[in-house]
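Could you follow along and click through the residues as we go?

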Amino acid sequence: MGLFDNAVPGGNITKPLMIALGALLVGKMLSGRSAEQPGQPAAPAPAGPAPTETTSADGGLLGGLGGLLDKLRDAGHGNAADSWVGTGQNQSINANDLGTAIGPQIIREIAQRTGMDEQELLKQLSTALPGIVDKLTPNGQVPQQHQVVSAFNS
């Protein structure tokens, strides 16, 4: 995976986990096109993309990395999220706390798209996100969305 080597404990990012990360951070990676009708409720559609809460053309279900970090901060997990962006030690996040911050509808949609159980998805995301965000923010700065897309495509 290049950039994401050693980003998660054990160094193994499975394809379903990459799909889940892409769904959160890079909408085009998941669907092949952007959601053109933001604001419509997301319908379960494992066979194809559904309109989502995307806030930018390729910003994933939460509006990209910045949107994910904002969701975590709004849910009271700003210290953990900021530690992933910063240059120090990454704080962990509990799978249930992550699920609450992201929201049940988005977790359900990602689980359907990946074929993973929601609890297993949250467990893997809570393990992977600190390292992935850390790799995407090597200088303690949140990159532009096109840089995040580029990192996932490399």
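Which helix do Asp70 and Arg73 both lie in, and how many residues apart are they? They sit in helix H3 (residues 64-74), 3 residues apart, which is about one turn of the helix. Keep in mind that this is a predicted model.

1. Start with that pair. The side chains of Asp70 and Arg73 meet in a salt bridge, with 3.3 Å from N to O.

2. Put together, Asp70, Arg73 and Asp82 are linked in a network of salt bridges.

3. How covered is that network? Asp70 has a relative accessible area of 42%, so it counts as partly exposed. Arg73 comes out at 35% and is partly exposed, and Asp82, at 37%, is partly exposed too.

4. Now move to helix H6 (residues 104-114). Glu109 and Arg113 both lie in H6, 4 residues apart, again about one turn of the helix. Their side chains meet in a salt bridge at 2.6 Å, N to O. As a general point, side chains of opposite charge can pair when their charged atoms come close.

5. Are Glu109 and Arg113 buried or exposed? Both are buried. Glu109 has a relative accessibility of 7%, so it counts as buried. Arg113 is at 19%, and the cut-off matters for this one: buried means under 20% relative accessible area.

6. Just after H6, take a look at the backbone of Gly115, where phi is positive, about 80°.

7. For the tally, a search of the whole structure finds 3 salt bridges.

8. Last, have a look at helix H1 (residues 15-25), which is mostly covered: 8 of its 11 residues are buried. The buried set in H1 includes Leu17, Met18, Leu21, Leu24 and Leu25. Ala20, Gly22 and Ala23 are buried there as well.

Definitions and conventions. Residues numbered from 1 in each chain as written. Predicted model: local features only at pLDDT ≥ 70, side-chain atom pairs only at ≥ 80, totals over all residues. Heavy atoms only, no water. Buried < 20%, exposed > 50% of the residue type's maximum accessible area, 1.4 Å probe, protein only. Helix = DSSP H or I, 4+ residues; strand = E, 2+ residues; numbered from the N terminus. Salt bridge = Lys/Arg side-chain N within 4 Å of Asp/Glu carboxyl O.
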